[in-house]
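The sequence and the structure are shown first.

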Amino acid sequence: MVFRHPVGMFSPLWLLLWTDPNALIDAVKRSDSAGLLILEQGRAVAEYQPDKAVHVQSVSKPMLSLMAGCLRTDGKLPSIDVTLGETLPELKNDPKGVVTMRQLMAHVSGIAAPVGQNGQNTPEFKRLKDTRRFAFAQPMDAAPGTKYRYNNTGMILLGAMLERIAGEPAPKYLERRLFAPMGIRSAKWMKDGAGNAYGYMGLVISARDLVKLGQLVLEEGRWEGRQLVDAAWMRESSRQVTYPAVSEKLGLVWMMESGEAGKEPLLIYHSGDGGNWLIVFPGLKVVAARVRDSSSADSIEFPKLVYQQFRAAGR
């Protein structure tokens with residue numbers, strides 16, 4: 001789903017949301033949401049079952065960006081222009097070996113992605129027992145940096161690079177380096193049959209803990225007075241990057257809307273199948289986490305609901 005600036009939306013529902021803060025929570029409840037927590041300037045202003053942990057699908061992906069930021073902060077990742085071949089010697093002579101970490105993060109690696117005509121992962125991909133082995137074997141289908149393709153294979157390879165640099169599995173590193181210091185207790189990772197954390201999905205977490213990670217983005221890596229992640233990295237990863245012939249509004253794994261390259265966007269976000277969202281509105285100082293584990297179609301456009309509520313309130 002792509003968020004569009006909600007100008008001129010004067011339907012009865014929007015008008016209700018402008019005048020009744022509880023309408024947002026009611027809409028979230030009616031849409032089979034599992035949990036919700038919204039912070040304004042760090043204070044909880046709306047919540048619904050915030051402690052229920054569910055699989056947030058692709059909202060797992062930004063954890064890889066945060067892991068890269070932690071490695072950068074610790075001096076273990078001097079540059080994200082390091083290549084697959086430099087980090088993973090087994091790919092040194094592979095055509096993929098020239099792909100950089102930056103290109104993987106921006107979904108412009110040129111590595112083939114196993115998706116069907118509907119843009120979803122193929123059934124064969126979903127049944128993989130060893131996702132990493134599969135990703136290592138994928139061919140190139142475009143020159144790096146020339147074509148945008150939302151790419152779960154690239155995220156698997158990104159996770160492999162980060163783990164090799166960290167010297168430990170991503171779940172263990174993130175728990176020690178980020179989740180524990182932030183008091184995040186609900187986070188668990190799903191793994192494939194070979195014991196690899198998926199990376200592109202697989203994070204099970206509550207809205208209460210997920211929203212903390214959004215607040216970390218808003219505060220440029222600071223948490224309760226401590227700089228957990230380098231501020232420069234947080235700015236770089238959550239600003240629009242540019243590649244030739246690529247028009248998507250991309251950061252480094254993060255996505256954004258109504259932003260210009262290098263400037264603060266209207267919102268920074270990542271979504272996951274089924275209606276999972278982590279959204280940061282920098283100008284409004286609002287962070288919203290919504291988790292949903294229902295197989296039914298999502299009946300609301302969550303980013304618009306949140307934006308309208310706080311924008312219309314004059315905050």
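A residue is called buried when its relative accessible area is under 20%, exposed when that area is over 50%, and partly exposed in between. The model considered here is predicted. Side chains of opposite charge can pair when their charged atoms come close. With a salt bridge taken as a side-chain nitrogen of Lys or Arg within 4 Å of a carboxyl oxygen of Asp or Glu, the count comes to 16 salt bridges.

One of these pairs joins Arg-177 to Asp-74, with 2.9 Å between the closest N and O atoms. Arg-177, at 12%, is buried.

A further salt bridge is formed by the side chains of Arg-176 and Glu-168, with an N to O distance of 2.5 Å. Here the relative accessible area of Arg-176 is 46%, which makes this residue partly exposed, while Glu-168 is buried at 15%.

Asp-298 and Arg-290 also meet through their side chains in a salt bridge, at 2.7 Å from N to O. Asp-298 is partly exposed, with 26% relative accessibility, and Arg-290 is buried, with a relative accessible area of 0%. Elsewhere, salt bridges with shared partners connect Arg-72, Asp-81, Arg-102 and Glu-236 in one network.

Key: Residues are numbered from 1 along each chain as its sequence is written. This is a predicted model: local features need pLDDT of at least 70, side-chain atom pairs count only at pLDDT 80 or more; totals for chains, interfaces and linings use all residues. Side-chain values use heavy atoms; hydrogens and water are left out. Buried means under 20% relative accessible area, exposed over 50%, partly exposed in between (1.4 Å probe, protein chains only).
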